[in-house]
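Please read this report alongside the sequence and the structure shown below. It moves from a single helix to the ligand site and then to individual side chains.

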Amino acid sequence: MFPLSPGSTIGILGGGQLGRMLALAAARLGFDVAILEPEADAPATRVSAHVVQTAYDDPEGLKALAELADVITFEFENVPAAAVAQLAVLGVPVAPGARALAVAQDRVEEKTFLNDAHAPTVRFAPANSEAEAFAAVATIGLPALMKTRREGYDGKGQIWVEQLADAGPAFVSLGRVPVVVEARADFVRELSIIAARGRTGEIEVYPLAENHHSGGILRRSLAPASVSDALAAQAEQIAHRVLTALDYVGVIGIELFELADGRLLVNEFAPRVHNTGHWTQDGCQVDQFEQHIRAVAGWPLGPTNPLARVEMLNLLGDEVETWLKLAGEPDTRLHLYGKREIKPGRKMGHVNRISPLRG
Ligand code: AMP
């Protein structure tokens with residue numbers, strides 16, 4: 001069945017901005033898109049041929065999506081595992097697969113997997129009770145970062161522990177759910193690498209992006225990041241190891257800490273297109289969204305070499321109200337998600353500011 005012919009239908013679980021940009025890329029290659037999304041009027045549903053509006057784990061909704069779609073992918077990693085299992089029973093291919101999803105959904109599974117794949121992380125220890133949290137912080141050392149094992153995003157569900165006595169209260173304040181205690185990474189920079197693996201195992205890697213967060217939310221990415229050849233090679237090796245070990249199909253976003261001694265540690269990976277890869281829309285011939293569609297459809301992967309230097313800025317909350325000014329700025333490409341409601345900190349759009357490549 002692969003490569004899928006133009007005119008085939010790509011199913012996407014999730015109807016947010018990533019789904020929207022995937023759907024637009026799919027449409028350009030001649031595909032139809034079917035979105036499964038619980039909320040009415042979500043960004044991706046307004047640019048897609050078919051919409052199934054149910055919960056992600058609604059058996060009828062999944063059946064309807066499976067009937068429409070030739071292949072199914074997702075735009076966020078917290079798709080219930082049971083939903084992916086049901087799609088497998090229905091016989092429709094899902095990419096990236098259930099394993100990538102399961103590993104990415106649990107920070108302990110993820111870090112264990114990464115270390116097994118020789119993609120190094122900070123030291124970590126799991127904890128399921130106040131007593132275990134205390135013991136884990138004692139083992140890892142201070143300061144330590146306590147994170148919920150599941151469902152954390154944009155810096156939510158995590159708390160710094162500065163003193164041993166704070167370990168128990170931190171566990172309680174996170175809701176008494178299973179956590180991971182991480183050693184602090186003394187990073188000099190946060191970087192990320194966006195990479196893709198196709199159905200025949202070929203891998204393409206974009207240049208590294210340098211990322212700046214505030215309050216746990218990505219504000220700004222610069223790409224290609226200025227890095228040594230050795231650092232780029234290290235990141236590419238990590239991407240190859242992760243993609244191969246997961247037998248992955250699609251685009252992945254891997255967040256990295258650059259340490260003062262030049263080593264890279266993996267913070268986490270997202271089994272999907274990634275906010276730090278939005279720069280590729282205006283910096284590469286084939287962006288991460290088209291690359292993901294190509295991979296899941298079994299098409300050849302596109303080139304990832306940079307054509308421009310890009311500064312990507314997220315438009316959070318009411319920052320989006322500057323759209324008219326931004327639209328008038330030269331060398332600024334505006335990407336708006338069509339969200340109806342502005343909320344503080346909500347990702348409403350982004351801009352890519354383009355300049356010539358150095359050197
Ligand atoms: P995460 O939710 O894991 O992506 O973490 C959000 C942000 O918290 C990261 O982008 C880092 O800036 C910071 N962070 C996460 N883990 C660590 C760590 N072990 N040491 C230092 N900073 C961290």
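Which residues of helix α5 (residues 107-116) are buried? In this predicted model, they are Arg 107, Val 108, Glu 110, Lys 111, Phe 113 and Leu 114. Just after α5, His 118 takes a positive phi of about 60 degrees.

**The ligand site**

Arg 107, one of the buried residues of α5, also has a side-chain N or O atom that lies 3.1 Å from an oxygen atom of the ligand.

| Side chain | Distance from a side-chain N or O atom to a ligand oxygen |
|---|---|
| Arg 107 | 3.1 Å |
| Lys 147 | 2.7 Å |
| Glu 255 | 3.3 Å |

On its own the ligand has 470 Å² of accessible area, and the protein covers 90% of this. The elements that contribute two or more residues to the shell around the ligand are β6 (144-148), β7 (158-161), β8 (179-183), β9 (187-197), β13 (250-259) and β14 (264-270). In total, 16 residues surround the ligand, and the closest of them are Lys 147, Gln 158, Ala 185, Glu 190 and Glu 268. Sorted by class, the shell holds 6 nonpolar, 3 polar and 7 charged residues. Because domain 2 (123-183) and domain 3 (187-355) both give residues to this shell, the ligand lies between them.

**Aromatic pairs**

A search of the whole structure finds 4 aromatic pairs, and two of these are described here. Phe 31 and Trp 299 form a tilted pair, with 5.4 Å from centre to centre and 50 degrees between the planes. Since Phe 31 lies in the loop between α1 (17-28) and β2 (32-36), and Trp 299 in the loop between α10 (288-296) and β15 (309-316), the pair ties together parts that are 268 residues apart in sequence. Phe 31 has a relative accessibility of 4% and therefore counts as buried.

In the pair formed by Tyr 56 and Phe 76, the ring centres are 4.9 Å apart and the planes stand at 50 degrees, so this pair is tilted. Tyr 56 is in the loop between β3 (50-52) and α2 (59-68), while Phe 76 is in the loop between β4 (71-74) and α3 (81-89), so that the pair links distant parts of the chain, 20 residues apart. With a relative accessibility of 16%, Tyr 56 counts as buried, because the cut-off for that term is under 20%.

**A buried histidine and an exposed leucine**

His 350 is placed in strand β17 (residues 347-355), and at 0% relative accessibility this histidine counts as buried. Which side chains make polar contacts with the side chain of His 350? One is that of Gln 281, at 2.7 Å, and another is that of Tyr 337, at 2.6 Å.

Leu 324 lies in helix α11 (residues 323-327) and, at 59% relative accessibility, counts as exposed. The C-alpha atom of Leu 324 is separated by 28 Å from that of Glu 39, and the two residues are 285 residues apart along the chain.

Terms used: Residues are numbered from 1 along each chain as its sequence is written. This is a predicted model: local features need pLDDT of at least 70, side-chain atom pairs count only at pLDDT 80 or more; totals for chains, interfaces and linings use all residues. Side-chain values use heavy atoms; hydrogens and water are left out. A residue is near a molecule or strand if one of its heavy atoms lies within 4 Å of it. A polar contact is a pair of N or O atoms within 3.5 Å; within protein, one must be able to donate a hydrogen and the other to accept it, and residues adjacent in sequence count only if both atoms are side-chain atoms. Accessible areas come from the Shrake-Rupley method with a 1.4 Å probe; for residues, only the protein chains shown count as cover. Helices (H or I, at least four residues) and strands (E, at least two) are DSSP runs, numbered from the N terminus. Ala, Val, Leu, Ile, Met, Phe, Trp, Tyr, Cys and Pro count as nonpolar, Asp, Glu, Lys and Arg as charged, and the others, Gly among them, as polar. Domain bounds come from an automatic or database domain assignment. Rings of Phe, Tyr and Trp (its six-membered ring) pair if their centres lie within 6.5 Å; planes under 30 degrees apart count as stacked, over 60 as edge-to-face and the rest as tilted. Buried means under 20% relative accessible area, exposed over 50%, partly exposed in between (1.4 Å probe, protein chains only).
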